[in-house]
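Thanks, everyone, for making the time this morning. I would like to walk through one model with you, starting with one chain, moving on to the contact between chains, and finishing with a few individual residues.

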Amino acid sequence: MHTELTDNIKRRTRTNGRFRYLVIAGSVITVIPIFLIVGNLAVKGYRQINLAFFTQPAPDTFQAMMAASAGEIIPGGIANGLTGSLLMVLLASLFAIPLGLMTGIYIYENSTKKYAQFIRSLTEILQGVPSIILGIIAYLWIVKNITRGYSALAGSVSLTIMMLPLIIRSTEETMRMIPISIREAAFALGTPYYKMIYKILIPVSFSGLATGVLLALSRILGETAPLMLTALGSPAISFDVTRPVSAVPLLIWDFYNDPNMVSLVWSASLFLMVFVLSMNLMARSVASKHKYI
Amino acid sequence: MSGDRITKALLFISSLTILLLSTGIVISLFGGAIPAFREFGLGFIFSSAWNPTAGNEEYGAMSFIAGTVITSLLALIICIPMAFTTSLFIAEYYRGTRTSGILRSLIDLLAGIPSIVYGFWGFYALRPLLVSTGLSDQGFGVFTASLVLAIMIVPYATSLSAEIISMVPAELKEAAYSLGATRREVIFSVVIPSARSGIIASFILALGRALGETMAVTMLIGNANVIPKGLFAPGNTMASVIANQFGEASGLKMSALIAVGLLLFLITALVNYLGKLIIKRFA
């Protein structure tokens, strides 16, 4: 009887220990890819990264082929992609940040109303829409009807639609963490509603709002699919919103499709990844520094 | 008082844009898909034909629906053990420790890597590996795409599952411990049963992500407009066929691609709705 019990306990402790190792092993396997990806890109990509990489537009195939066959570094860089990305992301932020903040505040302020709940559900659906479909939409709306051709404007519209639900959700969630007492104190002092929003809600939740915006930006910076259907890409540096422009992810796609440019893809991917990830980290550090709300 | 009114009006108007955007998206997708559905009827959904030759044009969405469903489900199957163990690591075994914090940040980083970088990495790092195993000649195909997709969706499934596992009341677990249960027994007889629907929902939401993923899949699936014949055979997903062919499409072909987009929209919306519904019930 006694041995039976100790056997039972032994067996159970053994499976318990084994399961713990299984959990650890599974977690290790999960994080391995991040090291592989970062390491791989860093090793193969750093060679091309120099000043020219940021100041010169993408080379043409012929230049790249000549350099590659001579064993040299491919001339040129990603300047046209940088300016294009900058243009479209700025434009998208211009639309999406104010609209997103206001809609988020609206949903929070009216959260008991059926209409606001409906808008919140729509936002959730919008957030789940695959980005390529937003590319189709911006193509149908802007490329076909407004700019009559591929354009930076179309690209930024698709990015705007991607950003909006992200900002709305983060705004609403941040606002919900503000203690009700702060609002009530403001109202008790006779503060008008709009002043309560501008002087209390927004300043108090500022770091949360900033985190939401930064995370949304880091999401759209790496977005490629919708831009393929809207901004198309361009070999030259351009700031005309009615014309096609390039973007860093679009350049990666172009380089990828050109066997002569392979070493540039590593560098461009490395740059994009580092940029997006540091933005991501920045967002999280802003969030953790301001634990007040 | 007028400041109040203006503010309220501004907030309301901006909420209207979401309403306009959503209806606009649905109307545009339906409108764009009409020519294809008029030509092929509902058979468009079930046909696996894809022939853009002028005069002989025939389009159907089935190859791509199959490609999307197969790659996403396979990705989910690969993702489940990874996400499950990692979420237990974060929310149960090493809860609140430094290690768990670091692991969490690493997984957040995994979620931050752009899709096109995953695709490129898969193409140059993962594909040759698969070729060397001899399972596949070119290394393109459903399995390669699913593997990368799985890595991409693990962060979503993990962080949601971890959040839900950490919400299981400590009293329940302590009660089981006090009866002499081991940790593994507590996990399987208390934690998982009480977090079950939330964990399932997190996997459904991860599936919703996988369905719409475009670039990485486009670069790895091999782009063949047929129903994939096996795990290592090439195929195409709904998103990848749009990415590949939309640029040069016009007329009926464009409408067919928009129709594929509409179907993708409906499928992802349905899957996401299901996931959210289960989460709401759980909460």
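In what order do the elements of chain B run from the N terminus on? Before I answer, please keep in mind that what you have on the screen is a predicted model. The order in chain B is α-α-β-β-α-α-α-α-α-α-α-α-α, which gives 11 helices and two strands. Taken along the principal axes, the C-alpha atoms of this chain fill a box of roughly 75 × 75 × 30 Å. Of the 283 residues in chain B, 49% are buried, and if you take its contacts with a separation of 6 or more, 72% of them join residues 24 or more positions apart.

As for confidence, chain B averages a pLDDT of 93, with 99% of the residues scoring at least 70, and for the complex the predictor gives an ipTM of 0.93 together with a pTM of 0.94.

Let me stay with chain B for one helix, α4(B), which covers residues 98-112. At 1.5 Å a residue its 15 residues should span 21 Å, and because its end C-alpha atoms are 21 Å apart, the model agrees with that expectation. The buried residues in α4(B) include L103(B), I107(B) and L110(B), and also L109(B) and G112(B).

Now to the contact between the chains, which takes 64 residues from chain A and 60 residues from chain B. On the chain A side, the elements that give two or more residues include α1 (2-45), α4 (79-109), α5 (114-128) and α13 (262-289), and it is α1(A) that gives the most, with 19 residues.

Looking at I252(A) itself, and leaving aside neighbours within four places in sequence, we find contacts with V265(A), A268(A), S269(A) and L272(A) in chain A, and with I116(B) and F120(B) in chain B.

Turning to those two domains of chain A, their C-alpha centres lie 37 Å apart, and six residues of domain 1 are in contact with seven residues of domain 2. On the domain 1 side, the residues that touch domain 2 divide into three nonpolar, two polar and one charged.

Finally, two residues of chain A that I would like to compare. M261(A) is found in the loop between α12 and α13 of chain A. Is M261(A) buried or exposed? M261(A) is buried, because there are 26 other C-beta atoms within 10 Å, where 20 or more is the cut-off. Not counting residues up to four places away in sequence, M261(A) touches A64(A), I74(A) and F255(A).

A68(A), by contrast, is found in helix α3 of chain A, residues 61-69, and counts as partly exposed because it has 17 C-beta neighbours inside 10 Å. As for distances along the chain, A68(A) and G81(A) are 13 residues apart in sequence and 21 Å apart in space, C-alpha to C-alpha.

Notes
Residues numbered from 1 in each chain as written. Chains lettered and ligands numbered in written order. Predicted model: local features only at pLDDT ≥ 70, side-chain atom pairs only at ≥ 80, totals over all residues. Contact = placed C-beta atoms within 7 Å. Domains from an automatic or database assignment. Nonpolar A, V, L, I, M, F, W, Y, C, P; charged D, E, K, R; others polar. Helix = DSSP H or I, 4+ residues; strand = E, 2+ residues; numbered from the N terminus. pLDDT = per-residue confidence, 0-100. Buried ≥ 20, exposed ≤ 12 C-beta atoms within 10 Å, placed from the backbone. Expected span 1.5 Å × (residues − 1).
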